[in-house]
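Visitor: Please show me the structure, and let us then go through it by question and answer.

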Amino acid sequence: MSPKKKPTPVKPARLSPATKPRPAGKTAKEMGEQQREISVSEFFTKNRHLLGFDNPRKALLTCVKEAVDNALDASEEAGLLPEIVVKLEAVGEGGAPAPAVSQATRFRVTIIDYGPGIVREVIPRIFAKLLYGSKFHRLRMSRGQQGIGISAAGMYGQLTTGKPVKIISRTGEKQPAHYFEVQIDTKKNEPLILEKKQIEWENHRGTQVTIELEGKYQKGRASVDEYMELSAISNPHAQFTYHAPDGETKVYPRTIQHNPEPPKEIKPHPYGIELGMLLKMLQDTKSHWLAGFLSADFSRVSSQTADEICKAAGVSPKKRPRDVIGLEAEKLYKTIQATKLMAPPTNCLSPIGEKAILAGLFKQIKGDFYTAVSRPPAVYRGNPFIIEAGLAWGRGPEQAALDAAKAPQAPLAEGESREGDDNELARVMRFANRVPLLYQQSGCSTFKAVLDTTWKNYGIPQSRGAPPAGPMVIFVHMASVWVPFTSESKEAIADYDEIRKEITLALREAGRRLGVFIKRRDRAHAESKRRDIFELYIEEVVGACKRLKGGKLAEGKLKAQLTEIAKKVTGGMKTDEMLDRNAGPHGLPHSIIVTPEGIEVEVPVEGPVAAVEAAPAPEPEPKKKTAKKTKAKPKAKAKTPKKKKKK
Amino acid sequence: MAKRHPAVEKKLVGLADLVISAAARRKDPSISIPVRSLSNVKFNEKKGYIEMGSNKQLRTFFNVGMAKKFMQTMLVADALNELQKADLTTSLREIYYRTKHTMGDSNENTFDDQAESDPVIEDLEVGLAALREEFHVRAENAGTIIGPVVFIDDGDRVDCSKLGKGGYSVPSIVEEEYLQIKKCTADFVLLIEKGTQWNRLAEDKFWRKYNCILLTGNGQPPRGVRRLARRLHEEKKLPVYVLVDNDPWGYYIYSVVKQGSINLAFESQRMAIPSAKFIGLSSADPEHYDLPRTVGIKLNDKDISRAKELLAYPWFQKKEWQAEIKRMLSSGLKFELDALANKDFQYLTKTYLPKKLKEKDWLD
């Protein structure tokens, strides 16, 4: 191996006073003196890849992602419709002018939200203390989980550029805005406040975070651009404005005017905990006796069940929880796992919902057919979860028309064919608690389920071990109080059987609907083709007859007669009439069909709110796709007249 | 020089009339074409050849599945008529090129490849009860003949006993009006499957010693070769012997020469030679001629299933034939003619054939 190929060390030398290689022959005393505490932040500076900062491009994305996650969570929890501005700027090193975006190695990331704001006292710890947060200690569905994300992003910025995290926050119009510059003390995992002051701020409420960090900006797969696009799909109730470093601005308007139902907090379900967790809970509980602890601190354990568990485990229900230790605790744990309990409550989950998924896909992806499926709640290891899937298929009528116009008119030579240039594979969009997952696709349960599904059954080509082929986007969302990620950087969902099964079921249903759509469309298409073919063939046959008859033939008459017969055979109906008759969304719930004539949406009757009501963009931005307003009347199919303006 | 066939011309123009009159009556124009498959042939035991049954398929214009075929049929009929008028002959491939074009303002071609146009020509042959030669369509010259026979081809005298070891290339159209048999002194015709073995016999001047005509079609003999063998048999009363490999394909070649083919069953009456004899290789020969097992080839799955098909054909029902095929199946081996070289390079010429002819060791 050439020396060049050696992985460059993660330059921790300067940053971590880690133990040096020891010379041989040390005494136990000397060795004992070398033992010392490792702070969490020190650990993470060495293991930044665990948090998604493994390379500059990914670091930039992770930073944006963590800040946006927090902003969304905060706004939703406060009951405010999220409105978020993401701004990326290339900056030069050491005050030098910023180089070209593609060459830049440093970026300033600014995320502004109009959420509830943060009270002055906790600002430093939120942004400059790892494992500080509101979400870890409760079982409630949220984007963030551990309280690592934003402070890790700040720390990464600090390590790579030496710049502090700058925060402005204001909790209301009557409150002053606070400005902070904070750094993290990587040894103590405590915030260092470099500057704090009250300032004038044009925003009445909300938070602005600015982090300068080493990064790399590049469009395409797993880019910040893709993340913004996907976030807009999974959060149709949020408005995003994205200022890319190259000066482009994209606005993703809100298409749903209400926040998702706020998820409820639940107590852990006994099936979902491990022995260590049980031991800790036994020590921390406020209950005075064991049976009370079991019924109060867990969900789905009634006092009766609690008594039964105690009896079966041979532990007195009156025993003080703190005294249940060792073998007794282990026995208790095993008994609980063996006891039949009701599945955990599922009102703690807030799925995106079929209508919102449809709205999101429809807004961002051009296609001919959209559908969405929400599965009923299911449980893995005591954690409730919901799987949702969506499909967008086709290139959209405009693109189809464009392709048709662009298609080479040259007739085919022998051995040539018109097909075969269509080997594009479906794109899989993965989400966990509405957060787009951009890395480690192949290790993700969702992707494995996509591969496992037999798409050929639905008329979609698929090679072995590959996703289906064609102009298709597959959307999969998992909502859970605890999403099992394969790593701390939250990139892939762990492959639990229960989860995979739910995803597969959702995909099958979506695929089935797509199959129905494709079949119907093909049928309508075949009818129209038949008509065209007859017209063409009549020309040929009349020509042949004329030549056979040595030119003695009333051509026009024969043609008219044959055309008349053709018309009789096809039923005399026009092609577009047939399309209309056959392509409606009847029997295809939660689907949108786009034809050159317009858009068809079936609004589910049971919906409490007519949600698919896309507001027009507030201001027509130059480079974004304008939302289509799909006027949805309850209990009726709505058809918009002509296709909406685009671009 | 092609000869005009006014009857054929009339038949072709008749197709146009059919379309015109159907259209006038607002009826879907249709052409009825006899079905060319095993299900629609029957073996006429009395005549000794395969005849086409009466099953017909209606090819209608306004049926999505058949519209294109119908249109193609009309185009080919037009091209064939053009040949008639111009007094020219042509090849299947040229017919394909002549009729291929893009339709109207579409991207669709009338034909995509020759595999589409060839069957249409056969359809017309059967449907109009005309011969390919009458259509002025020829195949490639794929056969060779040598021996004491003299032809007149386009006015040229061709003496097949004076053509060295190369022989005369059999034209694809050998009807009387194109090729006349001027003189023939041979005693029999030997039709050989393989060109290599034909070469061996020609080189060894086998035909001179045994006063016979050597004919080969290089595999499945083309129409010209079959028709020429039939004419020699019919006009000059020569018996015809067939020498093929000992495998199911060899058996089938023999049966095509003798009883006609399934696909061209309508031509059997002028192609088949019901008295043709199967001279070898027989599955009994390896034993009779002491061929070692090592020069055999294991029958593959395709061979076996083909052999089983042959066993079921009505024209293989004679008990000698059942025994012949079953013997091959039970040995599990097939033998090529070339394998005789294991004994001696000239074994075929000097031992095998003389013995066979002397002992009249053949199958009927």
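Guide: A residue is buried if 20 or more other C-beta atoms lie within 10 Å of its own, exposed if 12 or fewer, and partly exposed in between, with C-beta atoms placed from the backbone. This is a predicted model, in which local features need pLDDT of at least 70 and side-chain atom pairs count only at pLDDT 80 or more, whereas totals for chains, interfaces and linings use all residues. Residues are numbered from 1 along each chain as its sequence is written, and chains are lettered from A and ligands numbered from 1 in the order in which they are written.

Visitor: Does L214(B) count as buried or exposed, and what is the reason?
Guide: L214(B) is found in strand β13 (residues 212-216) of chain B, where helices (H or I, at least four residues) and strands (E, at least two) are DSSP runs numbered from the N terminus. Contact requires C-beta atoms, placed from the backbone, within 7 Å; not counting residues up to four places away in sequence, L214(B) touches I146(B), G147(B), L190(B), I192(B), W198(B), L201(B), A202(B), F206(B) and W207(B). Because L214(B) has 24 C-beta neighbours inside 10 Å, it counts as buried.

Visitor: How many helices and strands does chain B have, and what percentage of its residues is buried?
Guide: Chain B has 13 helices and 17 strands. Among its contacts between residues at least 6 apart in sequence, 70% join residues at least 24 apart. Of the 364 residues in chain B, the buried share is 42%.

Visitor: What is the corresponding buried percentage for chain A?
Guide: The secondary structure of chain A comes to 16 helices and 17 strands. For contacts in chain A between residues at least 6 apart in sequence, 70% join residues at least 24 apart. Chain A has 647 residues, and the share that counts as buried is 43%.

Visitor: What distance separates the end C-alpha atoms of helix α8 of chain B?
Guide: The expected span of a helix is 1.5 Å times one less than its number of residues. The 12 residues of α8(B), 248-259, should therefore span 16 Å, and the distance between the end C-alpha atoms agrees, at 16 Å.

Visitor: How many residues of α8(B) are buried, and what phi does G260(B) take?
Guide: α8(B) is mostly covered, with 11 of its 12 residues buried. Among them are Y251(B), Y252(B), I253(B) and Y254(B). Just after α8(B), G260(B) takes a positive phi of about 95°.

Visitor: At what angle do α3 and α5 of chain A cross?
Guide: Axes are lines fitted to C-alpha atoms, for helices over the stretch in contact, and angles run from 0 to 180 degrees between N-to-C directions. The axes of α3(A), residues 56-77, and α5(A), residues 149-161, come within 8 Å. The contact is made by A59(A), T62(A), C63(A), E66(A), A67(A), D69(A) and N70(A) of α3(A) and G149(A), I150(A), A153(A) and Y156(A) of α5(A). The crossing angle is roughly 145°.

Visitor: Which residues does I474(A) contact, leaving aside its neighbours within four places in sequence?
Guide: I474(A) is one of the residues with the most contacts inside the largest core. Its contacts beyond those sequence neighbours are L391(A), A426(A), V428(A), M429(A) and V450(A).

Visitor: Is N433(A) buried or exposed?
Guide: N433(A) lies in the loop between β12 (427-432) and β13 (435-437) of chain A. Its phi is near 45°, a positive value in a residue other than glycine. Because 26 other C-beta atoms lie within 10 Å, N433(A) is buried.

Visitor: What is the omega of the cis peptide bond from G280(B) to L281(B)?
Guide: L281(B) is placed in the loop between β15 (277-280) and α10 (285-288) of chain B. The bond from G280(B) to L281(B) is cis, with omega near -15°.

How values were computed. Contact = placed C-beta atoms within 7 Å. Core = buried A, V, L, I, M, F, W, Y, C linked by C-beta atoms within 7 Å.
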